[in-house]
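Dear colleague,

Please find below the structure that I am handing over to you. My findings follow it.

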Amino acid sequence: MATTLRSARWPAAVALVWSAGGALPLAAGEHGLSQKAVEIARPFGFPITNSMVVTWVVAAALIVFAQVATRRMRQVPAGAQNFLEWLVEGLYTFLEGILGRHLVARTFWFFASIFIFILASNWIGLIPGVGSIGWGERTADGFLITQPLLRGANADVNMTLAMALVFFAAWIVWGLQEVGPLGFVKELFAPKGESAGALRILLAVVFFAAGCLEIVSILFRPVSLSFRLYGNVFAGETMLETMARMPYIGWLVQIPFYFLELLVGVVQALVFMLLTAVFTLLICQHHEEHPAAAHE
C-alpha cells in the first residue's frame, strides 16, 4: 500500500510517495527503475542527481562513523572503535596475503576505502524508500514515480565508472613507482624466461603481440569493472522492485531475495577490491617475488 503526501505547493499530478514494499504500482509497460540517474535539482547551474545524493549520504555517514570511532581512542578498544579496528585489521591482513608487505603498505588506503564505500553504498541502496520516494503522477494502474528522490549510488554507471577510472590512474602511478617507465614497458612486452638464438627472437615476437593484446585488455578494465558492479546492483534493485509490485504477497516474496541482495552487496564489494588488487600485483609482481613472506 502506498501513502501519498500532497501539498498545495505541488501540482495536482505531482506528489511525494512512499511505499513500505520498496516499490510502487506502475503504469502498464512502465519500468520502475530507470537505467540512468534522474536530475532532481540544479542549484547555480550545477546538476544534482538522485544517485549523487545517496553518494553524499554514504560518504558523510562513513566520515562521521570514523570520527566517532576514533574520537577517544582507548588501549583496549570497545564499541565503534573495536568494530573499526577489526574491520581495518582484517582487510589489511587479507590484502597483505595477496599483495605482500611492501605493496599493501602503499596501496591499502585505496583498496580498503573502495571496499567499505561500495559495501555501504550497496546496503544503503536496499533501505526501503530508496527508489520509491519521489515525485510522480497518478495513473489508471496506480501511482507512477517519474523522479525518485533517492537512487542507489552503484546503480548509477557514472559512479562505478568514476571509481574504475580513479583506480586506473592510481594503477599507472603505482606501476611507475614500483618498476619505473622502462620496467613498465618490459613487464608488458619483454620476453619472460631464459632463451637464446632463434627461440629468443620468436619469443620476442610472441610476447610483443601478447603485450599489444594486454594493452587492449588494460584499456577495457575500467569498463569491465564499472559495468560488472553496476549491472549486478542495478539488476538486484530491479528484481526487488518488480517483486514488490506483485499484489498482496509482494512484500513476502521479497524477503529471501532481500537477504540475498545483502550477500550480493558484500560479494560485489569484495570482487571489485580483489580484481583491482590483482591487477596492481600483476604490474608490480617482480618486486614482490614472495608475497606470502608476510606470514613467515
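**The largest pocket**

Helix α3 contributes the most to the lining of the largest pocket, namely eight residues. The model is a predicted one: local features need pLDDT of at least 70, side-chain atom pairs count only at pLDDT 80 or more, and totals for chains, interfaces and linings use all residues. Residues are numbered from 1 along each chain as its sequence is written, and side-chain values use heavy atoms, with hydrogens and water left out.

The volume of the largest pocket is about 580 Å³. A pocket is an open set of points on a 1 Å grid over the protein atoms alone, with protein on both sides within 12 Å along at least five of seven lines; a cavity is a set of points where a 1.4 Å probe fits but cannot get out; and lining residues have an atom within 4 Å of a point. Grid points are joined across faces, edges and corners, and a volume is the space filled by probe spheres set on the points.

Of the 23 residues that line this pocket, Leu-62, Phe-83, Leu-87, Ile-116 and Leu-119 lie nearest its centre. At least two lining residues come from each of α1 (50-70), α2 (79-99) and α3. By class, the lining holds 21 nonpolar residues, two polar and no charged. In this scheme Ala, Val, Leu, Ile, Met, Phe, Trp, Tyr, Cys and Pro count as nonpolar, Asp, Glu, Lys and Arg as charged, and the others, Gly among them, as polar.

**The cavity**

There is one cavity of 30 Å³ or more in the structure, and the largest cavity holds about 80 Å³ of space. Its lining consists of Asn-122, Leu-126, Asn-232, Val-233, Glu-237, Glu-261, Val-264 and Gly-265. The elements that supply two or more of these residues are α5 (198-244) and α6 (250-284). Three of the lining residues are nonpolar, three polar and two charged.

**Confidence**

The mean pLDDT of the chain, on the predictor's confidence scale from 0 to 100 for each residue, is 79, and 81% of the residues score at least 70. Where pLDDT is low, the predicted coordinates should not be read in detail.

**Individual residues**

Phe-44 is not a glycine, but its phi is positive, near 55 degrees. Phe-44 sits in the loop between β3 (39-41) and β4 (48-49) and is exposed, at 89% relative accessible area. Here buried means under 20%, exposed over 50%, and partly exposed in between, with a 1.4 Å probe and protein chains only.

Phe-227, in helix α5, is partly exposed at 47%. Its C-alpha lies 9.9 Å from that of Asn-158, which is 69 residues away in sequence. Gly-136 belongs to strand β5 (residues 134-139) and is buried, at 4%.

The structure has zero disulfides (pairs of cysteine sulfur atoms within 2.5 Å). Cys-284 is buried at 1% relative accessibility, whereas Cys-212 is partly exposed at 33%.

With kind regards

Terms used:
Helices (H or I, at least four residues) and strands (E, at least two) are DSSP runs, numbered from the N terminus.
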